[in-house]
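Biologist: I have the coordinates open. Can you walk me through them?

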Amino acid sequence: MPRLLLIEDDPAIRAPLLRALRDRGHAVAAATTAMDGLRAALDDRPDLVVLDLGLPDVDGAELLRMLRAVSRVPVIVATARDAETEIVRVLDAGADDYLVKPFTAAQLDARVRAVLRRVGSPGTADETVVVGGLEIDPRSHGVRLDGEPIDLTPREFDLLHHLATRRGEVVTKRELMTEVWQIPYGGADKTVDVHLSWLRRKLGETAAAPRYLHTVRGVGVRLSAPGEPS
């Protein structure tokens, strides 16, 4: 059962949303201030946060930045603010989705399920991923190749882990910029290319002679074990 945290100070909105989300099979806790929400997010480790921006103590956009500094929990912003500049600002700050009030509980539930599908099922985010001789442990940020540890930077680890969770799929550079670099509207492909080059070097391979990281020209990159079919 997905565990959600709803950070919403308006009781007229909070109470019916709590009932509706619970009726749809979610375990939902609530917080009414930014600081209580931050504590709950860090202590209880929910699978997803639904965040209002108009909170009484700290603006929700600032809370999002604070949360992103210490956690990668998916965040759906649910707010009355509908200006395009605000939407872009919040997505750039690391929100996974943005929903403008008024909305129905069914709409929010659909967004929740979509984001959870995209980031992976609850309970799997901390599991070690094994692809051939690669072992990737998100809890310790440790990586082993054929039993030997590999020293990766945090960004290299995030890139490798994201590709490993999509094993066998071609992942576009735009998705990598969105999910790994938290830049929703794309960015310089060179950034991805450089990090892939560094990662290949540490995996003992090259773009011309790949073992795990296979470039699909004009589309993206695929991670698969040596010998697996394309």
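Biologist: What is the strand order in the open sheet of 3 strands?
Modeller: The order is 10-12-11, with antiparallel pairing. Strands are DSSP E runs of at least two residues, helices H or I runs of at least four, numbered from the N terminus; two strands pair if DSSP finds at least two bridges between them. This is a predicted model: local features need pLDDT of at least 70, side-chain atom pairs count only at pLDDT 80 or more, and totals for chains, interfaces and linings use all residues. Residues are numbered from 1 along each chain as its sequence is written, and side-chain values use heavy atoms, leaving out hydrogens and water.

Biologist: Which are the edge strands?
Modeller: Strand 10 (170-172) and strand 11 (213-216), each pairing on one side only.

Biologist: How many bridges join strand 10 and strand 12?
Modeller: 3, in the antiparallel sense, with strand 12 covering residues 220-223. Val171 has Val221 in strand 12 as its bridge partner.

Biologist: Which helix packs on the sheet?
Modeller: Helix 6 (residues 154-165), touching strands 10, 11 and 12 (contact means heavy atoms within 4.5 Å). Its direction makes about 75 degrees with that of strand 12, using lines fitted to C-alpha atoms, for helices over the stretch in contact, with angles from 0 to 180 degrees between N-to-C directions.

Biologist: Changing topic, which residues touch the most other members of the largest nonpolar core?
Modeller: Among the 27 residues, they include Val143, Leu159 and Leu160. Such a core is a set of buried (under 20% relative accessible area, 1.4 Å probe, protein chains only) Ala, Val, Leu, Ile, Met, Phe, Trp, Tyr and Cys residues joined through side-chain atoms within 4.5 Å. Helix 6 gives the largest share, 5 residues.

Notes: Buried means under 20% relative accessible area, exposed over 50%, partly exposed in between (1.4 Å probe, protein chains only).
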